[in-house]
Amino acid sequence: MAVKVGFIGAGGIARYHAEHLAKIKEARIVAFCDLSKERAEKMAREFGAGSYTDHRRMLEKEELDAVYICIPPFAHQDQEILAAEKGINIFVEKPIALTLKKAEQIEAKVLENKVITSVGYQQRYLDIADRLRLILKGKRAGAFFGYWMGTMPLVSWWRRKEESGGQIIEQTTHIFDMARYLFGEVEKVFAISRTGLMSEVKDYNVEDASSVSLYFKDGLIGTISSACFLSCGFKVGMDIYLKDMVIEYRWGRSLKIIEEKRTEKVLAGNDPGFLEDQVFIEAVRTADPSGIRSDYSDALKTLKLTLAADESLRTGKVVKV
Ligand SMILES: NC(=O)c1ccc[n+]([C@@H]2O[C@H](COP(=O)([O-])OP(=O)(O)OC[C@H]3O[C@@H](n4cnc5c(N)ncnc54)[C@H](O)[C@@H]3O)[C@@H](O)[C@H]2O)c1
């Protein structure tokens, strides 16, 4: 029996997942819900599904095995909670919420109802992320630089801090998450930021750029920088420094491993987003979540880290995670 899936949110990332699910024979999309009737209906027509404008009604009417929650950060209210109460398994996009209170409330429901969860940190499913973890196993990294230097995304909610959370929480969260995936948990952070560069962008109140220093529990130090003011020169990834090796990771694309007598370049060989969706559908189909690399509770730790960085931005103080 195919896994019956509904979508809450029918925007850009919903399309990305829907296109994957359309190629996975164990999955069947049965409905799309969006506040915009037009968007929900367009996706519904395209993927041969029903359409709704109210997620409560969709969750009531449809017999779903799983729901993909693909809404902007500020919009998380009762969607996950209602799904969990109905025993519907949940795929939710990052960031999982904008406050710890909301995310912890959702986590409690998810754990109480024992539903399977997966969160959209797709970089964890890259084959070069596997290779990176293998290289680092048993070694101690000394320091790293992570970065997401790019342009401002076009969706209107992104430029408002109260709606997206800002670049650290919404976008560079992928790099913070990768740092946790590779190096473990962070003890404390200190962050600085700047603003005022983008006079041509109307009505924005997110930082133009920020830099966060991280101190890990095992002594590793790192810096993660963000910028959204660029019009060219997009650069996303992480450079990792060990005593006898430098590793350059380029977001989704490649690894360069530099040693004293040898340099190796490895290109990514898989589509991590497709694998992420395949693994989630298989987990729901077999009731076995062991292949999922980022569940709700784990993503909550990444949210905690980025919220701590944001608190440091606001207070100018070192913040314990
Ligand atoms: N994993 C990734 O690499 C990745 C990439 C892009 C976006 N995202 C995340 O996905 C989420 C959505 O981003 P997007 O780019 O698709 O945004 P989007 O603006 O393109 O789409 C969001 C859709 O949600 C709808 N919506 C808002 N509130 C709703 C509600 N209460 N019920 C139903 N629909 C509602 C909007 O009308 C809109 O159509 C964000 O959290 C974003 O951070 C993740």
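What do β4, helix α4 and β5 make? They make a right-handed β-α-β unit, with helix α4 covering residues 79-85. Keep in mind that this is a predicted model. Here's a quick tour, built around strand β5 and the sheet it belongs to.

**The sheet**
- Six strands form an open sheet in the order β3-β2-β1-β4-β5-β6, and their pairing is parallel.
- At the edges sit β3 (50-52) and β6, each of which pairs on one side only.
- Going from one strand to the next, the twist averages 20 degrees.

**Strand β5 and its neighbours**
- On the β4 side (residues 66-69), the pairing with β5 is parallel and runs over four bridges; one to look for is A66 in β4 with N89 as its partner in β5.
- On the β6 side (residues 117-119), β5 is joined by three bridges, again in parallel; here I90 has T117 of β6 as its bridge partner.

**Helices around the sheet**
- β5 also goes into a right-handed β-α-β unit with helix α5 (residues 100-112) and β6.
- Helix α10 (residues 272-286) lies across β1 (3-8), β2 (27-33), β4, β5 and β6.
- Relative to β1, helix α10 runs at about 130 degrees.

**The annotated domain**
- UniProt, in an unreviewed entry, lists residues 147-231 as "domain: GFO/IDH/MocA-like oxidoreductase".
- In the model, that span is 22% helix and 32% strand, and its end C-alpha atoms lie 16 Å apart.

Key: Residues are numbered from 1 along each chain as its sequence is written. This is a predicted model: local features need pLDDT of at least 70, side-chain atom pairs count only at pLDDT 80 or more; totals for chains, interfaces and linings use all residues. Two strands pair if DSSP finds at least two bridges between them. Helices (H or I, at least four residues) and strands (E, at least two) are DSSP runs, numbered from the N terminus. A crossover is right-handed if, with the strands pointing away from the viewer, the path from the first strand over the helix to the second runs clockwise. UniProt positions are given in the numbering used here, feature names are shortened, and annotations may be inferred rather than shown by experiment. Axes are lines fitted to C-alpha atoms, for helices over the stretch in contact, and angles run from 0 to 180 degrees between N-to-C directions. Two residues are in contact if their C-beta atoms, placed from the backbone, lie within 7 Å.
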